[in-house]
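Hello,

Here is the structure I promised to pass on to you. Please have a look at it, and then read on for what turned up.

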Amino acid sequence: MEQHVTPCEDAPPPLMYRVERPVFDEAYLHTQLLHPRERSPKTIRQRLAQQLHCSSERAKAIALSFLPILTWLPSYPVKEYLFGDLVSGLSTGVMQLPQGLAYAMLAAVPPVYGLYSSFYPVLLYTFFGTSRHISIGTFAVISLMIGGVVVREAPDSMFMIQALNGTATNTTVFIDTEARDARRVHIAVVLTTLVGVIQLVLGLLRFGFVAIYLTEPLVRGFTTAAAVHVFISQLKYLLGIQTPRFSGPLSALHSVTAVFSDITSTNVTTLIVGGVCMVVLYCVKDLNERFKKRLPVPIPGEIIVVMVSTGISYGLSLSENYQVDVVRTIPSGLLPPAIPDFSLLPNLVTDSIAIAVVGFSMGISLAKIFALKHGYSVDGNQELIALGLCNFVSSFFHTFAITCSMSRSLVQESTGGNTQIAGLLASMVVLLVVVAIGFVFQPLPQTALAAIIMVNLLGMFKQFRDIPALWRTSKIELAIWLVAFVASVLLGLDLGLLVALGFAILSVIYRTQSPKSVILGQVLDTGLYCDVDEYEKTGVDPVHLQAIRKARKRKLKKESAERESQNHKSPQKMSAVVKLDLELGVTHEVVAGGGSQNHLEVQGNGQVAETHTESDSEETRFLEPLCPVHTLILDWTPVNFIDSVGAKAIKLVIKEYAAVDVCVFIAGCSRTLLAELRTLQFFTGVVAPEMVFPTVHDAVLHCRRRTAPPTITAIQ
């Protein structure tokens, strides 16, 4: 059965775009049409006076920008937002407790310092942050970077102590863990202070744009490599074996080798507890994902695992009876503030810069995602200031560097959080545990914390899906992703980030120094110009043109034979040169004893045919033109900027083409680019504003009226 589809008779007619105006060049636009304002440059004194000008409005604006909480707290809609913020704060706080304990292990400091880092920075960000939804606190990547620095500066070998076993010949070597942990806490605190100072200074200097240099492929490749490092570092806790912690290049390989070389001493009880915790956490996360639209709040899998494993450990005395490593001492209450030991600063500068940039990049990228989703804006410079204050001020209260956590931020947003009141409530939950019930978590098995860390890495490992996607879309971005991943896995996160940044910058230089240039052709009866190699021209029949060329060759061959027969009768010097332009259908022919005849015949697209004959000079009778193209139009629509070297190079090109009677015109310059050209005194000598046109079509129409060229070529 055949079905016939007829076009809809009521279909609206196509929109028509008709513009009739004179052909504009830059000289006319600049002097007659646009009337640019004349602005005298300001002196340094005038600029300083403008920046330091003080008024009540300016003071209010500065206060609101420095304390964003003042912009929304006075108009906080209690009835609409309070319940959502309350539920979100409790959910995030319950999740922040086990993550704070777990990520302290990554930072190589006692677990209680993870709780401190989950309280002070979150409290401060409520007042200074511009994002309403991100959850500030401990994060796996930053904690691992801190741990690498801490272990490098305070390795276990510095705290080895030999003890006598009754005789002078029998000694036992053990590690003074108390002294080691105290030293590592000092290093982590000083590092955090320096990270805060760097972020604060960058924010005050308006350097919030630095995050754009950490492109998404670079960040995702780097964080995936960090997930590999984190996973490897937790294997020994999951298996219950004792191996040293490595840092520096090839640390991941050394850690894997150490684990597998000692795998025969695995504590089976520790492995069972950790494995069960991982299975439970994975199932809970899967249920939360499957039924996230039906569940009012996500199931708090982490806190359930912590509470159940703590109870089992306490009831069965896993530490004494089965040698399962537990958290042990968690002091109640908050420590008094103390000034960090700044004598450690010289060795930590490079590491602090890397941590500061990575932490800010993580925070601002996630903050922009939530801001775009909920229709508000975030200030990159203020985010730098907020993170800097959180790290700097909190470091005096014994915390390590923080940023936002992806998993907690998703929970805070999905459970109804509307403002940072949710973050404030989450910090109160942590404070309650630290002050009142911290001792409850002392029997918590470390393998349970390792399980929490490993399962939370699942989202980062899913970033391996970027590889096939980038292969289909951008090979250069795929190369950046792979270089960031491989370099960070093999060289460590600090050197890997440096290598990835260098490669990303080189890729930009490569793409800048190797631009794509194409020859543009006009789309029939439009002002559009496209790549002639990529798009097939309309109205041109190549088969027909081939037939015309063959016919003319046969005719030329016949005429040449007739001339040769006449030469035997009457010797005469003759020459014939024929050039056929298949694209325009133009024939240049020099005949014996006559002038040059140019035949502009009917085009392949059926346009006008024009024939004219004229006598040329004696020199041009027997010489072909130096080039069939006598006009070049440069399409500068993709050009963003130009420097003095580029301007001089373009002027030299224009001068060289002018020497062989080829005119060069420029089209599609932005007003910003034209301002730069005027500043560079580009329009002097061989270059004039009349050679610049707002569009390619303006330039083409100008060239057609100026002369009847054999070929006009537009180049992009």
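**What was found**

Ile299 is partly exposed, its relative accessible area being 32%. Please keep in mind that this is a predicted model. You will find Ile299 in the loop between helix H12 (268-290) and H13. Together with Leu287, Phe291, Ile304, Val308, Ile312, Leu316 and Tyr322, Ile299 makes a nonpolar surface patch of about 660 Å². With four residues, helix H13 (residues 301-316) gives the most to this nonpolar patch.

Now to the aromatic rings. How many aromatic pairs does a search of the whole structure find? The search finds 15. One of them joins Phe66 and Phe128 edge-to-face, at 5.5 Å centre to centre and with 70° between the planes. Phe66 belongs to helix H3 (residues 56-66) and Phe128 to helix H7 (residues 120-128), so their pair ties together parts that are 62 residues apart in sequence. Phe66 is partly exposed, at 35% relative accessible area, while Phe128 counts as buried, at 14% relative accessibility.

Phe682 and Phe683 form an edge-to-face pair as well, 5.4 Å centre to centre with 80° between the planes. Phe682 and Phe683 are both buried. There is also an aromatic cluster, formed by Phe231, Phe461, Phe464, Trp481 and Phe485.

Finally, two places where a charge meets a ring. Arg132 lies over the face of Tyr376, 4.4 Å from the ring centre. The charged end of Lys475 sits over the ring of Trp471, at 4.6 Å from its centre.

Note on methods: Residues numbered from 1 in each chain as written. Predicted model: local features only at pLDDT ≥ 70, side-chain atom pairs only at ≥ 80, totals over all residues. Heavy atoms only, no water. Patch = residues over 30% accessible without salt bridge, like charges linked within 9 Å, V, L, I, M, F, W, Y side chains within 5 Å. Areas by Shrake-Rupley, 256 points an atom, 1.4 Å probe, with all protein chains shown as cover. Salt bridge = Lys/Arg side-chain N within 4 Å of Asp/Glu carboxyl O. Helix = DSSP H or I, 4+ residues; strand = E, 2+ residues; numbered from the N terminus. Buried < 20%, exposed > 50% of the residue type's maximum accessible area, 1.4 Å probe, protein only. Phe/Tyr/Trp six-rings, centres within 6.5 Å; stacked < 30°, edge-to-face > 60°. Lys NZ or Arg CZ within 6 Å of the ring centre and 35° of its normal.
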